[in-house]
Amino acid sequence: MTQYMILIYEDEASYENASPELLGEVMQAHNDFSAQVEQHGAKIVGGEALQPTGTATSLRAGSDVTDGPFVETKEALGGFYVIDAPDLDTALAVAKLCPARFGGVEVRPVMTFD
Amino acid sequence: MTDEPASAVAAAVADAHRREWAFVLAATVRVTRDLDVAEECAQDAFAAALTDWRTNGVPARPGAWLTTAAKRRALNVLRHRGVERRHLPLLVEDDVVPGPGEALDDGPAGAQLPDDRLRLIVTCCHPALDRTAQVALTLRLMCGLSTAEVARAFLVSEPTMAARITRAKKKIAVARIPYRVPSAEELPERVDAVLGVVHLLFTTGHTTPSGDELVRRDLVERSIELARMLRRLLPEDPAVAGLLALLLLTDARRETRTGPGGRLLLLEEQDRARWDRGAIAEGVDLVREALRARPPTRYALQAAIAAVHAETPSWDDTDWREIVALYDVLTRLWPSPVVALNRAVAVGFARGAAEGLAALDGLSAEPQLAGYGYLPAARGSFLRRLGRTAEAREAYAEALLLTENAVEREFLAGRLRELDPDPT
C-alpha cells in the first residue's frame, strides 16, 4: 500500500456566499465520499478541512511574517485527505469521487523513509 | 556448429530488435518490476546474442532466446541486490500474475502470455503522464529507440529528452502507476490514449513539423508496426482496426506525395497508379470491419474517408458528396475545429469554392485554429479558384508564416509566385 494525499483546491468566494443548504450538501457529499472509499480498495487514514486563507499567516525564509497564504491563487488549498491505496489507478478512482465542486483535487504520493 | 558470418548475425539481431524488443522488455519488466533494470537486462540480452549466435547459430525463435536471456539476467540482478529491494517493487502488478519465480521459457508473440506488451504500452500511455512523456516512453520502451533517436524524432536536444524520460519513469515508480492490463471497464479509455499516441507518431512522421523532408520514414513505420501489434493484441477492437486502416490508407500514397525536386504534390496531382495497392486492399478490409461497430469510432470514419480517395481511380471521379456525408457523421460524433476545417474543404469540392469559403469563414474565430497553417492555405485555394487574387495572396502569405516544413513552404511560395500581379 502507498499513501496518497488528495489536496482539495476550491474557490473560497463560492463558500463565503454559500447558503446553509449548500454547506449542508457539501458536508453530506464528504460523508458519502468517506463511506465509498473502502469499496474501491482504499482506506482513509487522515484528512482535515482548513479555515479560509484569510486566516493564514506565512513565513518566508529570510523575510518577515506576512498576513495571508504562501501563494495567492483563485483556487486555494481548503482541505485534504490522506488515503492508503495499492496503486495510482485506485488513488485516482478515489480522487474522482472526492467532492470539490468549486475547483478540483491534486493527488500526490506521500514520501516514505526507510 | 558452423560459425555464422558476423554480418548475418548482426542483421538477425537487428531484425530481432525491431520485431521482439517490446516483447522481451515487457516480459523482463515483470521479473524486475523496474523499468530501468529491465531495459538494461534486455539490452544485455541483445548484446549477448551478437556473440552467442555466431557460435551457436541464430535460434529458431530469436524472441524466446532473448526473453530467456534477459529474464535470467534480471534474476541475477535481483539476487545481487538482496531481499530488501524485492520488498519494494517499483512497479505495481496484478496479484494473479506469476512473479519472479516463474518459468523462464515463455515464448514470443502468441505464446502463453500475450498480454505483456499490452501492459507495457498502456503503462507508457497512462493518462497521469503528459502526452509528450507518453510519446517519448512509447518510442523508447515499445520501439527500443535510444534517447538520442527519440530526441531527434521530436527535434529536441538529447539532454532535454533524457530529462523528460527520466521524469516520466520516476513518476511511474514513485506514484505507483500499475503495470497491468486495465479492466474491461477502463480498457476503451486506456486504449484510446494509446491510439492517440500512435496516431500522433504517425502524423508527426507523415508531415514533419519542420525540416527538409516531408515524411520522416522511421516514425511512420514504427507507428504502423505499433498499430499492427495492437491489432494482434486486441483483434476485436473496432477503434484499433480503424486506426490501422487509417494509417495504411494514408501511407499508401506516400511515394506520390512529392514530385521531382521534393515538390509537394496535392491529392489532385498525385499519380494514383503508384499508390500502394496492397496497403489499400488491407486498409479497405479493415475499414469495412471497423465500420460494423455502432456508433462508428473516430478512426474508422477517418479511415472511411481515406478509403473513398484510395478507391477512386482519378481526382475527377471523387465522390465529394460521400466524403461530406462522412465528415458530417464525424463532426456530429467528434466535433473538432480541425474536422470542421476538413469538412469545409470537402464542401468546397462538392458544392463549389464559394460554399467552401463560406464554411471556412465560420471557423476563423476558432481559437484552436489560430496558428494552424492549413486554414489560411485552404482559404487561399478557394479564393484563387474564385479569381480573388489579392485576397488569395494574403491568405497564402499568412499560411507561409505558419509552417516550418520546407516542402510545404516551397509549395506555398510557389502559389504566391503564380499569383504575383507583377512578376519580376
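Biologist: What should I know about the numbering and the limits of the model?

Modeller: Residues are numbered from 1 along each chain as its sequence is written, and chains are lettered from A, with ligands numbered from 1, in the order in which they are written. This is a predicted model, where local features need pLDDT of at least 70, side-chain atom pairs count only at pLDDT 80 or more, and totals for chains, interfaces and linings use all residues; side-chain values use heavy atoms, with hydrogens and water left out.

Biologist: How many helices and strands does chain A have?

Modeller: Helices (H or I, at least four residues) and strands (E, at least two) are DSSP runs, numbered from the N terminus. Chain A has 3 helices and 6 strands, and along the sequence they follow the pattern β-α-α-β-β-β-β-α-β. The C-alpha trace of chain A spans about 45 × 45 × 15 Å along its principal axes.

Biologist: In what order do the strands of the open sheet in chain A stand?

Modeller: Two strands pair if DSSP finds at least two bridges between them. In chain A, 4 strands form an open sheet with the order 2-5-1-6 and antiparallel pairing. Strand 2 (43–49) and strand 6 (103–109) are the edge strands, each pairing on one side only. On average, neighbouring strands of this sheet are turned by 20 degrees against each other, direction ignored. Such angles use axes that are lines fitted to C-alpha atoms, for helices over the stretch in contact, and run from 0 to 180 degrees between N-to-C directions.

Biologist: How many bridges join strand 5 of chain A to strand 1 and to strand 2?

Modeller: Strand 5 (residues 75–85) is joined to strand 2 by 6 bridges, and strand 1 pairs with strand 5 over 10 bridges. Both pairings are antiparallel. For individual residues, Ile44(A) has Ile83(A) as its bridge partner in strand 5, Gly47(A) stands opposite Tyr81(A), and Tyr9(A) stands opposite Leu77(A).

Biologist: Which strands does helix 2 of chain A lie across?

Modeller: Helix 2 (residues 20–36) lies across strand 1, strand 2 and strand 5 of chain A, and runs at about 20 degrees to strand 5.

Biologist: What does the interface of chain A and chain B consist of?

Modeller: Contact means heavy atoms within 4.5 Å. By that rule, 9 residues of chain A are in contact with 12 residues of chain B. Buried area is the accessible area (1.4 Å probe) that two parts lose on being put together, summed over both. Between chain A and chain B this comes to about 790 Å², with 50% from carbon and sulfur atoms. Asp87(A), Leu88(A) and Asp89(A) supply 56% of the area that chain A buries against chain B, more than any other three residues.

Biologist: How many salt bridges cross that interface?

Modeller: Side chains of opposite charge can pair when their charged atoms come close. The rule asks for a side-chain nitrogen of Lys or Arg within 4 Å of a carboxyl oxygen of Asp or Glu. It finds 3 salt bridges across the interface of chain A and chain B. In one of them, Asp89(A) pairs with Arg190(B), with the closest N and O atoms 3.6 Å apart. Strand 1 (2–11) and helix 3 (88–97) of chain A each give two or more residues to the side that touches chain B, and helix 3 gives the most, with 3 residues.

Biologist: What does the salt bridge of Arg140(B) and Glu39(B) tie together?

Modeller: The side chains of Arg140(B) and Glu39(B) meet at 2.7 Å, N to O. Arg140(B) lies in helix 6 (residues 131–142) and Glu39(B) in helix 2 (residues 35–56) of chain B, so the pair ties together parts that are 101 residues apart in sequence.
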